[in-house]
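Work through them with the structure in view.

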Amino acid sequence: MKTILTLVAAITLIFSFGIAGAAETLNGAGASFPYPVYSAWGYEYNKATGIRLNYQSIGSGGGVRQIINRTVDFGASDAPLKPEKLEKENLMQFPAVIGGVVPVVNLPGIEPGAIKLTSNALCKVLLGDITYWDNKIIKKLNPDVPLKHKKITVVRRSDGSGTTAIFTTYLSQVCPEWKEKVGAGKAVKWPVGIGGKGNEGVANYVQKVKNSIGYVEFAYAKQNKLSYLRLENAAGNFVKPSFESFQDAAASGDFDPSKHFYLWLTNAPGKNAWPISGATFILLAKEKKESNPKVVKFFDWAFKNGDDTAKRLVYVPLPEPLKNKVRKYWKSQGIY
Amino acid sequence: MTRERKRKIESFIALSLSTLAALFGLFWLVFILGDVLIEGIEALSPALFLNDPVPPGVAGGGLRNAFVGQLMITFFATLIGVPVGVLGGTFLAEYARGSKVARVISVLSDIMVSVPSIVIGTFIYAILVKPVGHFSGWAGSAALAIIMIPVVLRTTEDMLSLVPWTLREAAFALGAPYYKVIIQVVYRGAAAGILTGILLSIARVAGETAPLLFTSFNNSYFSTNMNEPIASLTVSIFQYAMGPYDSWHAQAWAASLMITVFILMLTILGRVIIRWRYGKR
Amino acid sequence: MPVLFKKNPIDVAFSIITGLASLSVLVFIIGILYVLFTESSPAIEKFGVMKFLTSTDWDPVRESFGAATSLYGTAVATAIALFIAIPVAIGIAVFITEISPDFLKSPIGIAIELLAAIPSIIYGMWGLFVLVPIMADYIEPALQSTLGNVPLIGILFEGTPMGIDLLTAGIILSIMIIPFTASISRDAFNLTPEIVKESAYALGATKWEVVKNVVIPYSKLGVFGGIVLSLGRALGETMAVAFVLGNNHQITTSLLDAAATITVTLANEFTEADSDIYLASLFYLALILFVLSFITLAIAKFFLLKAERKFSR
């Protein structure tokens, strides 16, 4: 009996500290929007330094919740928190990378990018006012596309999501009816559609459900060969989601460190700007003095070495001046 | 004679329907197990057991971290759950035998066995994750232990009750104190039954996902530190199956195969022990 | 009787330790109730009880929450599951106890029990990968073109067949509870005294008449208890339905629409709720689910105990 007890105590003790012991782990959670790039960066960082970045893609809402509850070392959210909220929760915030949200469809036999929509038409589809693919509004915009009389299934997020926040912020900007009926946020009351968990879940459902339309970060569309739409931007041009059109949107952004970089990039004015772009943000708890410098070190490493990886996944790395602004911000917070 | 015939026909139809029902049930078993087997075996590879996850798009990822994590979470849940369950069952069957307290606790345990496991996850999140400040393997084990305890407790109680009272009286007559009688005589007599209960309770919790979502969370790296978030097969299956990548789907099938085989083996082992010890039932 | 032996100090200690261990169950139940109640108190204060239960709002932007949509989804999915599972499970029990040749009884029994042991996440994943396409491509269009045209029932099958909906969730749930319901029903049937059955056969009764007039009346309490127990199980099942329900907070008349159950809402939104009232509302849902399934299971237990007592007498 006694030997068993000692054995149990010993095992418990060992596992509390970890046998592998040495490996340091940074725990982060939040947005699924940048998950492909964070996990790729983390993988390379681990190879370079041995430090592990455990990033769990649970949704931006989750990132905010878990950093407020201090259950992770850093949170990630595509929806920037307002400066007041940051002060209240004693948090810091900085952007990490820029990307685009793209509407994707599952229409057998139709080429990616073949269909164009105006912001108004997109809004009507999501409000449930346009219910069939051969609706005359869509037909008029796409006279050459063989659209069938099939019912549209909207696929959207079921979890608290920054992708949703970027998407609904855009819709609220361009569509008064959306603003009035639904509004913008990480989770909204959707008029129609089925909910998938994370960008992963939406991509999965769009793949499985024919005649569906959903919205995902572009990397998910690209990795899974989902068919995207062209959209009309603020300058009145129909643009394709691409590195260039995201970059064009990013160019218009003026991030202000004194506001903790709070900024939306949706409906950007650039001539070729993709209208649903956004930065994704990292949230740190001010009192986590021990882990914060380590998190910052990781992102500093990513700023220096991660641009190619980001581009490969069609994210836009922060422009050099913005990176320096972020570094200055870190310094001012005493974590760099 | 028409009445007689009608009765016969009625009987025939009803019995045919029952047979069809049984075939229907077996059909699903074959269908589901068949799919898991075919898709799972196809996706099995050494990399699955030897490698840790890699970012989507990079080849050669595995679920080593999740296999180890699952074993650890289940092991520690067993370490907490089994002693509490066995001791609790002992109290009900021995010290409190036949009393009202025993009956109430026994009924409550039966109810607890079927309580939604996701609720237990939220409970542990509130008491072990939020106050501590991070997700942890311990929280996952605690959640599973709570599910385990009532199962072990009830089977222990039942198995101890099956041990004939005369056996205890014989030991008392030799002057042994009750605790010694329990440990040396009663436990020995019921050992096979208790072991079965333990095996079945492990089978029960090994496939649980819902209580782990908010407790042990997930970890994309190999970790044996129970103070950290830790990967588990079931949560990985949920993440991977809901994800869009084909490589994830394949790994989810392979993981499902492994976990199903593990649980079915435990269940069959439990039945074999019962049969060997207590004869045909 | 045991009191006699408590003189020994080790014995006293042992009895206390075992007693505490058995009390743990009670501690968990009270602890869960207490913790869920405190965590959800902001939502209880803000929305009240009746208003929360009847409100169909689930609007994180305006921070207005209600349980009605989740309760509705839970109720409908469970109803579909029981509607399919009860007749099948009883059929299986009749087959095992009355029809099957002896050499098949035990293998089929084991097979059914193995089906009960498969983890629910496997059912869920299998549902998403295998059942959803079958439902979307064959079964749902077929239902629409047949039952969809029947007045009244027709509205149940409106909408687009996409496989991610209440009907698919209900079917997966039914597959999951069939073995469970069947094995309890079988145990209940087995309690019928052999002698009574023999007498009925001697009077010239057919097998079905014996089942209908002897076995079922004898075991109805047990079977009913088993059904309620399955109901309790189905109410709280998460993973089997989380894959195929689409987490849609709306009450729709069609079974071919996505919906949300309490469990699926929790699984999808619990770690992600950003505002405090949102999280409190989720804890509130968990509390409701706990109370609901606790009561259901208690009722089931009541009937099962009654059935047991009837035979022990």
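Buried area is the accessible area, taken with a 1.4 Å probe, that two parts lose on being put together, summed over both. The model is predicted.

Q: What area is buried between chain A and chain C?
A: The contact draws 37 residues from chain A and 34 residues from chain C. Carbon and sulfur atoms give 46% of the buried area. The total is about 2400 Å².

Q: Which three residues supply more than any other three of the area that chain A buries against chain C?
A: Their share of the area on the chain A side is 25%. They are A:Arg65, A:Lys189 and A:Tyr205.

Q: Which residue of chain C meets A:Lys189 in a salt bridge?
A: The count between chain A and chain C is 2 salt bridges. In the one with A:Lys189, the N to O distance is 2.7 Å, within the 4 Å cut-off. The partner side chain belongs to C:Asp57.

Q: Which element gives the largest share of the side of chain A that touches chain C?
A: Elements supplying at least two residues each include β6 (153-157), α8 (176-181) and α9 (198-208) of chain A. The largest share is 6 residues. That share comes from α3(A).

Q: Where does α3(B) bend?
A: Helix α3 of chain B covers residues 64-95 and reaches 45 Å, close to the 46 Å expected. Of its 32 residues, 23 are buried. The bend is about 25°, and B:Pro83 follows within four residues. The bend lies at B:Gly81.

Terms used:
Residues numbered from 1 in each chain as written. Chains lettered and ligands numbered in written order. Predicted model: local features only at pLDDT ≥ 70, side-chain atom pairs only at ≥ 80, totals over all residues. Heavy atoms only, no water. Expected span 1.5 Å × (residues − 1). Bend = angle between axes of the 7 residues up to and from the residue. Buried < 20%, exposed > 50% of the residue type's maximum accessible area, 1.4 Å probe, protein only. Contact = heavy atoms within 4.5 Å.
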